[in-house]
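Please look over the notes below with the coordinates open beside them.

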Amino acid sequence: TSLDLRLLSQVELNSLRAIPHAKLSLPNNIPDTELATFIQGMKIDLDIWLEDWLQIMLTRTVPDSLDRDTMVLNLRIQRDWAEIVMCCRALQSTGIDNIVALSTEQHEMIRMAKDAAQRHLEKLLDRPDLYLATLRYSMDFVWAKCAFSVLLLLKLAILLPETSDLPRLLADARRLLGELENIHGP
């Protein structure tokens, strides 16, 4: 069923997310190059997870094409969120809190987190009827995650102004706020 597919894909993603969570939660001094290699490997695992589940979702006979489109969008949003969290946790594990002191690898982690956050926002806004509209019955933390992801993107964009279109990001943030305001609770 559609519910089974959603549940199984989420369980598998949570299993993948547990790997960097465990590795990056321990106090350690992983060299930046090793950390960057680990993150790249996990990104490949996330991409494989996404491709596998997209194939399953797109080839399964889901009676409702809207339901299938919603599931596909959810997969893509969840994949981007997993990358955002992983990159931020990796950067946090380095113990660096001064952007001027960032190594090339640490700077790349910020860029990867920003790019994933940008993709995440674009997917939220691409089809608000498929994702945001379903939030009316969600728990508060889901709403908070949407707001947090935009605020994080804006902060990362400020840290990397050379790769950011701040006026566009602010307009997209306002649009997301408008979409969230249009959702009425039960």
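1. The side chains of K123 and D80 meet in a salt bridge with an N to O distance of 2.7 Å, a salt bridge being a side-chain nitrogen of Lys or Arg within 4 Å of a carboxyl oxygen of Asp or Glu. K123 lies in helix α4 and D80 in helix α3, 43 residues apart, where helices are DSSP runs of H or I with at least four residues, numbered from the N terminus. K123 counts as buried because its relative accessibility is 18%, and D80 is buried as well, at 2%; buried means under 20% relative accessible area, exposed over 50%, and partly exposed in between, with a 1.4 Å probe and protein chains only.

2. This is a predicted model, in which local features need pLDDT of at least 70 and side-chain atom pairs count only at pLDDT 80 or more, while totals for chains, interfaces and linings use all residues. Residues are numbered from 1 along each chain as its sequence is written, and side-chain values use heavy atoms, with hydrogens and water left out.

3. A salt bridge also joins the side chains of R119 and E83, at 2.9 Å from N to O. Since R119 lies in helix α4 and E83 in helix α3, this pair ties together parts that are 36 residues apart in sequence. R119 counts as partly exposed at 29% relative accessibility, whereas E83 is buried at 1%.

4. The count of salt bridges comes to 12. Those that share partners join K43, D47, R79, D80, E83, R119 and K123 into one network.

5. The second largest pocket holds about 390 Å³ of space; a pocket here is an open set of points on a 1 Å grid over the protein atoms alone, where a 1.4 Å probe fits, with protein on both sides within 12 Å along at least five of seven lines, and lining residues have an atom within 4 Å of a point. Its lining has 16 residues, of which L91, I110, K155, L156 and L159 lie nearest the centre. The elements giving two or more residues to this lining are α3, α4 and α5 (140–159), and α5 provides the largest share, five residues.

6. On the surface, I99, V100 and L159 form a nonpolar patch with about 260 Å² of accessible area together; patch residues have over 30% relative accessible area and no salt bridge, and nonpolar side chains (Val, Leu, Ile, Met, Phe, Trp, Tyr) are joined within 5 Å. I99 lies in the loop between α3 (65–93) and α4 (104–126).

Technical notes:
Patch = residues over 30% accessible without salt bridge, like charges linked within 9 Å, V, L, I, M, F, W, Y side chains within 5 Å. Areas by Shrake-Rupley, 256 points an atom, 1.4 Å probe, with all protein chains shown as cover. Points joined across faces, edges and corners; volume = space filled by probe spheres on them.
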